[in-house]
Structures are given as structure tokens and as C-alpha cells.
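Keep the 3D view open as you read.

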Amino acid sequence: MHQRGFLRGLRDGAPIALGYFAVSFGVGISAHSAHLSIFQGFLLSFLNNASSGEYGGITIIAADAGFWAMALMMLVVNARYLLMSCALSQHLSPDTPLAWRMLIAYDLTDELFGLAVAQPGYLDVHYYLGAMCAAMPCWSLGTVLGVLLGNLMPAWAESGFSVMLFGMFIAIIIPVSRQNRTVLACVGVSFACSFLASVLPFTRELSEGMRILILTIVISALAAILFPHKEDDLVA
């Protein structure tokens with residue numbers, strides 16, 4: 001059973017791995033522009049599996065803004081993972097060992113989170129491990145190649161690779177939205193509120209990361225209150 005779950009995770013994580021490999025080129029190019037070495041670029045992607053977090057960190061490095069500025073940037077940009085961790089913990093069996101929980105927390109990304117919460121019943125940790133083993137190496141290797149090819153890639157190609165990240169997000173939410181009207185409504189409300197927050201006088205002054213964090217907390221909290229997840233759905 002464990003081997004079957006792991007192989008199924010490898011299979012489902014393969015499309016994410018391909019997307020990571022392409023998108024991380026942009027991360028590697030940015031790392032090259034910030035004068036990071038190949039090893040530093042690899043280590044950055046291996047320890048921080050988050051595109052927005054890495055872009056923010058590389059920007060801080062390039063600006064030579066210091067460790068405190070980087071720590072604050074990482075806290076704001078990656079704060080959504082705290083919420084995702086709380087949500088994913090509800091999909092883990094109560095007897096899941098702490099070591100497994102820490103391993104899952106280490107590589108909790110938007111795409112892997114989407115895979116995990118879409119699984120019926122409690123999450124098979126071996127399934128998640130298989131998806132991790134497919135996705136993680138491609139993210140780091142793509143960054144390495146981006147650093148190597150930073151001088152050769154034109155500006156339009158770099159912009160194209162950054163857009164591919166949003167394509168992966170869309171690929172995650174569409175199947176779940178088609179199956180669940182509550183998710184579809186939350187997605188629609190999120191799009192509308194995100195646009196309004198970017199143009200309204202007060203909220204547009206906030207950083208993009210802070211707007212995303214506030215909207216995530218408010219919309220997810222309202223959805224949890226209005227449409228609570230029944231315990232029977234997790235064990236079915």
C-alpha cells in the first residue's frame with residue numbers, strides 16, 4: 001500500500017515537476033542577475049521551495065538591504081503557508097507521526113497543497129512524499145540551469161517563464177472548482193476582491209503580499225464559517 005501510494009504521488013507530481021523545471025528558469029536568471037553562484041542558486045531553491053519567496057529574497061540580496069529586511073520580506077510573502085499548513089493538518093490522520101508532519105511542512109507548496117487537499121479522505125503521507133520527490137529536484141535543477149543560461153536568455157523569454165507560474169495555479173483550481181461549487185464561489189470572490197484591493201484608495205497602498213495575506217485570511221475564514229467542512233467527508 002505504501003509503495004502504491006508513493007508511485008501514485010510520483011505520477012501526479014510529474015506535471016508539477018515539469019512546470020517547476022520551466023518556471024524556476026526565471027528564478028535562476030534572477031539569481032544570476034543578483035550575482036549568486038550556481039551552488040548558491042541551487043541551495044536557495046532547495047531550502048526555499050517558493051517562487052514568490054525566492055524572488056523576494058533575491059531582490060533583497062540584489063539591493064543589499066540586510067538580513068532584517070530579508071526576514072521581514074520572507075515573513076510577509078510566505079505567511080500564506082501558515083494558513084495552508086493549518087488547512088492541510090485537517091487532512092492528516094490524527095495518528096500521523098510528528099516526523100511525517102515536519103517533512104510535509106518542509107515542502108508545502110501551492111501546487112502540492114492543491115494535490116493534497118484534492119485527495120479523498122485522509123492524506124496518504126507516502127503519496128505526498130512521492131509528489132515531493134518528483135517536484136523538488138526539478139525546481140532546484142531548473143534554477144541551476146537558469147543561473148547558467150542567465151547571460152544567453154532574452155528578456156521576452158524570462159517574462160514568459162514567470163507567466164507560466166500563474167498557469168500552474170489555474171491548472172490547480174479549475175478541476176476542484178468544477179467539482180465543488182463552494183470552491184468555485186471562493187475563487188470568483190477572490191478574483192473580484194483582489195482586483196478591488198488593487199484599486200481602492202487604502203488597500204492599494206499595501207504591498208501585494210500583504211493584500212494577498214489579508215484576503216486569504218478573510219475569505220477562507222468566511223468560507224469556513226459559512227460552509228464548514230464536515231468531519232464525515234474526511235474519513236469517507
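Start at Leu-112, which is in contact (heavy atoms within 4.5 Å) with Ile-16, Asp-107, Tyr-128, Ala-131, Met-132 and Ala-135, leaving aside its neighbours within four places in sequence. Before going on, a word on what you're looking at: this is a predicted model, where local features need pLDDT of at least 70, side-chain atom pairs count only at pLDDT 80 or more, and totals for chains, interfaces and linings use all residues. Residues are numbered from 1 along each chain as its sequence is written, and side-chain values use heavy atoms, with hydrogens and water left out.

Helices here are DSSP runs (H or I, at least four residues), numbered from the N terminus.

Now look at α7 itself, residues 110-117. Seven of its eight residues are buried, meaning under 20% relative accessible area with a 1.4 Å probe and protein chains only. They are Asp-110, Glu-111, Leu-112, Phe-113, Gly-114, Leu-115 and Ala-116.

Next, the second largest pocket. A pocket is an open set of points on a 1 Å grid over the protein atoms alone, where a 1.4 Å probe fits, with protein on both sides within 12 Å along at least five of seven lines; lining residues have an atom within 4 Å of a point. This one holds about 320 Å³ of space, a volume being the space filled by probe spheres set on the points, which are joined across faces, edges and corners. Of its 15 lining residues, Tyr-122, Leu-123, Asp-124, Val-125 and His-126 are the closest to the centre. Both α1 (2-33) and α8 (125-148) give two or more residues to the lining, and α1 gives the most, with four.

Val-125 leads us to Thr-96, which touches Val-125 and Arg-101, not counting residues up to four places away in sequence. Thr-96 sits in the loop between α5 (80-89) and α6 (98-106), and it counts as buried because its relative accessibility is 11%.

Last stop: Ile-219, in helix α11 (residues 208-226). Is Ile-219 buried or exposed? Buried, because its relative accessible area is 14%. Its contacts beyond four places in sequence are Cys-186, Val-189, Ser-190 and Cys-193.

Conventions: Buried < 20%, exposed > 50% of the residue type's maximum accessible area, 1.4 Å probe, protein only.
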